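Please keep the sequence and the 3D view open while reading.

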2 protein chains.
Amino acid sequence: MSTQFDHVSVLKQGNVYFDGKCVSHTVIFADGSKKTLGVILPSSLTFSTSVAEVMEVTSGVCKVRLQGQQQWISYSSGERFEVAANSSFDIETVETLNYVCHYG
Amino acid sequence: MSTQFDHVSVLKQGNVYFDGKCVSHTVIFADGSKKTLGVILPSSLTFSTSVAEVMEVTSGVCKVRLQGQQQWISYSSGERFEVAANSSFDIETVETLNYVCHYG
């Protein structure tokens, strides 16, 4: 897994969620597609989606429960999970998590 | 002030300081120079520098006191302040601050 994205644009303004438990910056690719690079601090959060996304863990470990499911699944560095549009997921972290969120 | 950096690389791994009160991502330019894009949550923090830097506020307001000075100076969006190498500064924020930190 590459440790960086090349030949991209990045927005100066960050995205702050849940009182700063999640902070991300938006990256735009040459084809116009968008990803966010983010950090989640130790917490239990519920994220809602408007569009489908793929969450890729780039460091750390998390437990995730998708909307409508009972099972929690652990994901660690290099793993990813898909979330449908207009859905949500619960995520628990006990250490700092770095992620890339892929859209579209 | 442009709202984004173009034709850059960005590191996937974020930088987390002060238990997450400050989170940044590192941007690398074609000439090899580096900047960080960061968010500071409401807090009173003291940052130390190893190399000289220029802190540019891109949204929000902060009060800053450089090492060895008694005066606090306010900076808001579009303003910047310089910090010497091997020095420090106190910074107070009461709302989310976005910044770009320029090095070298």
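The model is a predicted one, and the values given here are computed from it.

**Extent of the interface**

- On the side of chain A, 29 residues are in contact with 29 residues of chain B, and the two chains bury about 2,400 Å² between them, with 59% of that area on carbon and sulfur atoms.
- Val10(A), Lys12(A) and His25(A) together supply 29% of the area that chain A buries against chain B, which is more than any other three residues supply.

**Polar and charged features**

**Elements and residue classes on the chain A side**

- The elements of chain A that give two or more residues to the side touching chain B are β1 (4–11), β3 (22–28), β4 (34–40), β6 (53–59) and β11 (97–103).
- Of these, β1(A) gives the most, with eight residues.
- Sorted by class, the side of chain A that touches chain B has twelve nonpolar, 14 polar and three charged residues.

**Strand pairing across the interface**

- Strands of a sheet pair through backbone hydrogen bonds, in either a parallel or an antiparallel sense.
- Here β1(A) and strand β1 (residues 4–11) of chain B pair in the antiparallel sense over five bridges.
- Within this pairing, Val10(A) stands opposite Phe5(B) in β1(B), and Gln4(A) has Leu11(B), also in β1(B), as its bridge partner.

**Strand pairing within chain B**

- β1(B) is also joined by two bridges to strand β3 (residues 22–28) of chain B, and these strands run antiparallel, with Ser9(B) standing opposite Ile28(B) in β3(B).
- Chain B has an open sheet of four strands in the order β5-β10-β7-β8, with antiparallel pairing.
- β5 (43–48) and β8 (73–76) of chain B stand at the edges of this sheet and each has a single partner strand, so one side of each is left without a neighbour in the sheet.
- From one strand to the next, the twist averages 30 degrees.
- Strand β7 (residues 61–66) of chain B pairs with β8(B) in the antiparallel sense over four bridges, and Val64(B) stands opposite Ile73(B) in β8(B).

Note on methods
Residues numbered from 1 in each chain as written. Chains lettered and ligands numbered in written order. Predicted model: local features only at pLDDT ≥ 70, side-chain atom pairs only at ≥ 80, totals over all residues. Heavy atoms only, no water. Contact = heavy atoms within 4.5 Å. Buried area = accessible area lost by both parts, 1.4 Å probe. Nonpolar A, V, L, I, M, F, W, Y, C, P; charged D, E, K, R; others polar. Pairing = 2+ DSSP bridges. Axes fitted to C-alpha atoms, helices over the stretch in contact; angles between N-to-C directions.
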